[in-house]
Amino acid sequence: MSQSKHIPVRLIASLTVSVLMILLTILAIRGKTAYPGQAPQERFILDDLVDLIAKHKEVLCITASILAGLFAYVKIGRGLFFRIYTGVGIALIPLLSFLLTEAYNRGFWHVGAPLSYKIAQPFSSMFVLNILLYYLFYLFLAFAFGNFMTGYSVASALLCLVAVANFFVVKFRGSPIVPWDLLSIRTAGNVAGNYEYTVYWQMLLATFGFIFLILASIKMNVKFRPLPVRLLGCAAALGALILVVSGMQNSEMKSFWGIDTTLFTPNVIYTKNGFWPAFLSNLSFLHVEKPDGYSASRAEKIGQEAEASWSGREEGSGAKGSAAAASVQNPNIIIIMNEAFSDLSVLGDFNTSEDYMPHFRSLMEDYTSGYLMVSVKGGNTANTEYECLSSDTMAIQDHRYASLQRKRLGAGQSLSADGIR
């Protein structure tokens, strides 16, 4: 009698899973390509399998939908097979979740790509770091919910949602999700409706993979009955996860794991490091280190000295200077920042038939002018805008850079908000 009561529920659940997956398949038919990202530059042994899947993707997706429904319907009884099934699921699901996340992250179904910029092999230190993060996350949620069924299901669902979100962010913006995007999540929600969302085959196959992981987790109904064991396991997993993530903010640990820190190419570092190590290692840039000798009174004193110096220069220039000094409290400042403009003569002398920018040179002669040294090359132009508008150097944003500068400057000198003193 108990069995008959559960059959309709399982039957409805299995049919729902199959129908939803078939609907996703129909939506994906609208996709123009199997791989919306760029093709891999080098081939791996898994690429042959990828090509085979791409040729028969429609049949594969329909078959996967039917199998998912059957899998949801089948009930695994208690016994030796259940214990073997649960043990294999606990061990493999985080690993498979990592591979599926990277299938989204790389823009194409290409899980064999190199994962480290130091050792161009999948099984490198970066692979170990990725797997460690996934296992700790899954175990933490399993202990937090008190069973593998709920913990592993929630973990897979959350990772799938983040992977899908990152997939569309890369597609629309051209760069992956970074920690500081969370500070503007309200703006992201406001503009999200302005884009057209297409279900591609690449993301469809990865989503199907996550669905199977969730279904597999639901059948691992193993509970942690003793409360002390559950609390101890939860604390241990969370503590280890915090330890690993906090260590990734340290330059020495980044070097130990082989984390690529080239911020100029975010898509590249997410591909080389894996999504979660790249995302979590960027958390260090959310912290702004207080510069040496900084204080509100010090900043106010610098402002007063600059105002006094300006007033003194203007007063010394006569009546015209007096009028200028009177307006020093509310000066009109016009800033035009043109990142594509530069005077190549600063790199070295060269001969031309005529001056190639005479008007600009006349402006430099008639008004206050000078040269600007920017903190970046080839991108991140917002850094220069920030430095110009705030008068703060980006050097103090990165404690590693500041530390190197202090060693280079030597004793008695340090970086501060008003430059090098």
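Leucine 60 is partly exposed, with a relative accessible area of 36%, on a scale where buried means under 20%, exposed over 50% and partly exposed in between (1.4 Å probe, protein chains only). The residue is found in helix H3 (residues 57–73), where helices (H or I, at least four residues) and strands (E, at least two) are DSSP runs, numbered from the N terminus. With neighbours within four places in sequence left aside, leucine 60 is in contact with Ile53 and Leu205, contact meaning heavy atoms within 4.5 Å. The C-alpha atoms of leucine 60 and threonine 25 are separated by 10.0 Å, the two residues being 35 apart along the chain. These values come from a predicted model, in which local features need pLDDT of at least 70 and side-chain atom pairs count only at pLDDT 80 or more, whereas totals for chains, interfaces and linings use all residues. Residues are numbered from 1 along each chain as its sequence is written, and side-chain values use heavy atoms, with hydrogens and water left out.

Helix H1 (residues 2–28) holds serine 14 and also threonine 16. Serine 14 counts as buried, at 5% relative accessibility, while threonine 16 is partly exposed, with a relative accessible area of 39%. Beyond its neighbours within four places in sequence, serine 14 is in contact with Gly69, Ala72 and Tyr73. For threonine 16, the C-alpha atom is separated by 10.0 Å from that of alanine 68, which is 52 residues away along the chain.

Over the whole chain, 17 helices and two strands are assigned, and 34% of the 421 residues count as buried. Among contacts in the chain with a separation of 6 or more, 74% are accounted for by residues 24 or more positions apart.

The largest nonpolar core comprises 66 residues, of which Tyr104, Leu129, Leu133 and Trp276 touch the most other members; such a core is a set of buried Ala, Val, Leu, Ile, Met, Phe, Trp, Tyr and Cys residues joined through side-chain atoms within 4.5 Å. Helix H5 (residues 125–145) gives the most to this core, with 12 residues. Tryptophan 276 touches Thr101, Leu133, Tyr134, Leu159 and Val162, when residues up to four places away in sequence are not counted.

Two packed helices are described by the angle between their axes and the distance between the axes. Axes are lines fitted to C-alpha atoms, for helices over the stretch in contact, and angles run from 0 to 180 degrees between N-to-C directions. The axes of helix H4 (residues 80–105) and H5 come within 9 Å and cross at roughly 120°, and H4 and H5 are therefore oblique to each other, given that angles under 35 degrees count as roughly parallel, over 145 as roughly antiparallel, 65 to 115 as roughly perpendicular and the rest as oblique. Residues making this contact include Phe98 and Thr101 of H4 and Ile131 and Tyr134 of H5. By class, the residues of the contact of H4 with H5 divide into 12 nonpolar, three polar and one charged, where Ala, Val, Leu, Ile, Met, Phe, Trp, Tyr, Cys and Pro count as nonpolar, Asp, Glu, Lys and Arg as charged, and the others, Gly among them, as polar.

H5 also packs against helix H6 (residues 148–173), at an angle of about 135° and with the axes 7 Å apart, which makes H5 oblique to H6. Among the residues that meet there are Tyr134 and Phe137 in H5 and Val154 and Leu159 in H6. The contact of H5 with H6 has 13 nonpolar, three polar and no charged residues.
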